[in-house]
Amino acid sequence: MTRRPAGQDALPLTTADGARVEVRRSARRTRTVAAFWENGTAVVAIPARFTAAQESEWVHRMLEKLHRQGERRSRKGSRQPATDTALAAHAAALSARYFGGRAVPTSVRWVSNQNSRWGSATPSEGSIRLSDKLRPMPQWVIDYVLLHELAHLLVAGHNAAFWKLLEAYPDTMRAKAFLEGVSFATSRGLAAASNDSEAPDCRF
């Protein structure tokens, strides 16, 4: 099996939301084409005998399929995980998709006493806590905070290795900007704060 980024001879190909695309050619694969997510990369598996034109056609076709599947999942999962059990299940799914399942928390729960942070993790215990101030926010923001804390189970500090992990999530920069905006507005009285005038720490 050979692996290479799609569009190696041209500009690197990415999905609509900016995720990396990798094409895998396999001599064992004679007719079928498959596409799946692996550690934040969209992988398209094709037969080794495909021509460049066939590869281009099928890569774009399968990326469209992945996109539609993602939209369907988003619609089905538009309700945010309300319970700790649902939140833990969602965290496991995010870990599998973006970190290859390497981040395995022992507990994930909503908390109401976390006024200075959006989320926190205790790597020695494997526990993750999310501030309930996140509940009214978009799901992609909550997903970012969950991934941020999951990454801390793998890398304790905010070093280059830590941020490298979060590159797999295409909404990282957008979510960071969103949270920074919320903190800015709240600290200046431009938005109503929940039970607390202190904006959560935004080192996210």
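Reply: **Aromatic rings and their surroundings**

Trp163 is partly exposed, with a relative accessible area of 24%, where buried means under 20%, exposed over 50% and partly exposed in between, for a 1.4 Å probe and protein chains only. This is a predicted model, in which local features need pLDDT of at least 70 and side-chain atom pairs count only at pLDDT 80 or more, while totals for chains, interfaces and linings use all residues. Residues are numbered from 1 along each chain as its sequence is written, and side-chain values use heavy atoms, with hydrogens and water left out.

Across the whole structure, a search finds three aromatic pairs, a pair being rings of Phe, Tyr or Trp (its six-membered ring) whose centres lie within 6.5 Å, with planes under 30 degrees apart called stacked, over 60 edge-to-face and the rest tilted. One of them joins Trp140 and Phe178 edge-to-face, at 5.6 Å centre to centre and 75° between the planes. Trp140 belongs to helix H3 (residues 139-152) and Phe178 to helix H5 (residues 172-187), so the pair links parts of the chain 38 residues apart, helices being DSSP runs of H or I with at least four residues, numbered from the N terminus. Trp140 is partly exposed at 22% relative accessibility, and Phe178 is partly exposed at 29%.

Trp163 itself pairs edge-to-face with Phe162, at 5.0 Å centre to centre and 85° between the planes; Phe162 is buried, at 0%. The charged end of Lys176 sits over the ring of Trp163, 4.3 Å from its centre, a placement that requires NZ of Lys or CZ of Arg within 6 Å of the ring centre and within 35 degrees of the ring normal. Arg61 likewise lies over the face of Trp58, at 4.2 Å from the ring centre.

Key. Helices (H or I, at least four residues) and strands (E, at least two) are DSSP runs, numbered from the N terminus.
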